Amino acid sequence: MGLVGRRDGCNFGYGRQLSYAGPQALKDLFGGGHYGTVKAHSDRWQAFVRWCRSEDGPGVNDARQIDRQTLLDYTKHLRQQVEHGAITQRVLLKIYI
């Protein structure tokens, strides 16, 4: 579908839901025959969106509100997940890198 509004609109014009906006932006960026890349990054994006909506996350649904500190907080969350055994480093590397 691509951009649905102004670039300065909610989620940079990719719709109202953060979970929808990310994959749409990825399709615009990688759309020409790179389905595997879009799918892999979309899966990573969905994990990030789930964290954004969780109690541990910042509670945002607009990509314009995501800043460097939000990303640093997410990396801290991932590190804690590994330290507590919720996910392994091997899974983390496979999923997020």
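**Entry 1. Valine 38**

I looked up valine 38 and found that, at 7% relative accessibility, valine 38 counts as buried (under 20% relative accessible area; exposed is over 50%, partly exposed in between, with a 1.4 Å probe and protein chains only). This is a predicted model, in which I take local features at pLDDT of at least 70 and side-chain atom pairs only at pLDDT 80 or more, while totals for chains, interfaces and linings use all residues. Residues are numbered from 1 along each chain as its sequence is written, and side-chain values use heavy atoms, with hydrogens and water left out.

I place valine 38 in helix H2; helices (H or I, at least four residues) and strands (E, at least two) are DSSP runs numbered from the N terminus. Setting aside neighbours within four places in sequence, I list Leu26, Lys27 and Phe30 as the contacts of valine 38, where contact means heavy atoms within 4.5 Å. For lysine 27, eleven residues away in sequence, I note a C-alpha to C-alpha separation of 6.2 Å from valine 38.

**Entry 2. Overall make-up**

I counted four helices and zero strands in the protein, and I read the order of elements from the N terminus as α-α-α-α. Of the 97 residues, 32% count as buried. Taking contacts between residues at least 6 apart in sequence, I find that 39% join residues at least 24 apart. The accessible surface comes to about 6,700 Å², and 54% of this belongs to carbon and sulfur atoms (Shrake-Rupley method with a 1.4 Å probe; for residues, only the protein chains shown count as cover).

Cysteine 52 is buried, with a relative accessible area of 0%. Not counting residues up to four places away in sequence, cysteine 52 touches Leu18, Gly57, Pro58, Gly59 and Val60. Leucine 18 is 34 residues from cysteine 52 along the chain, and I record 9.4 Å between their C-alpha atoms.

I then asked which residues make up the largest nonpolar core. Its eleven residues are Leu18, Ala47, Phe48, Val49, Trp51, Cys52, Val60, Ala63, Ile66, Tyr74 and Leu78; such a core is a set of buried Ala, Val, Leu, Ile, Met, Phe, Trp, Tyr and Cys residues joined through side-chain atoms within 4.5 Å. H2 and helix H3 (68–83) each supply at least two residues of this core. The largest share, five residues, comes from H2. I note that in soluble globular proteins, nonpolar side chains tend to be buried together.

**Entry 3. Asparagine 61**

I located asparagine 61 in the loop between H2 and H3. I class asparagine 61 as partly exposed because its relative accessible area is 25%. Beyond four places in sequence, asparagine 61 is in contact with Cys10, Asn11, Arg16, Gln17, Leu18 and Arg53.

A polar atom of the asparagine 61 side chain lies 3.4 Å from the backbone oxygen of arginine 16. I also find 3.2 Å between the backbone nitrogen of leucine 18 and a polar atom of the asparagine 61 side chain. The C-alpha atoms of asparagine 61 and alanine 21, 40 residues apart along the chain, are separated by 9.8 Å.

**Entry 4. Aspartate 62**

Is aspartate 62 buried or exposed? I find aspartate 62 buried, with a relative accessible area of 8%, and I place this residue in the loop between H2 and H3. Its side chain makes a polar contact with the side chain of arginine 64 at 2.5 Å (a pair of N or O atoms within 3.5 Å; within protein, one must be able to donate a hydrogen and the other to accept it, and residues adjacent in sequence count only if both atoms are side-chain atoms).

Leaving out residues up to four places away in sequence, aspartate 62 touches Cys10, Asn11 and Leu18. Glutamine 17, 45 residues from aspartate 62 in sequence, is 7.4 Å away, C-alpha to C-alpha.
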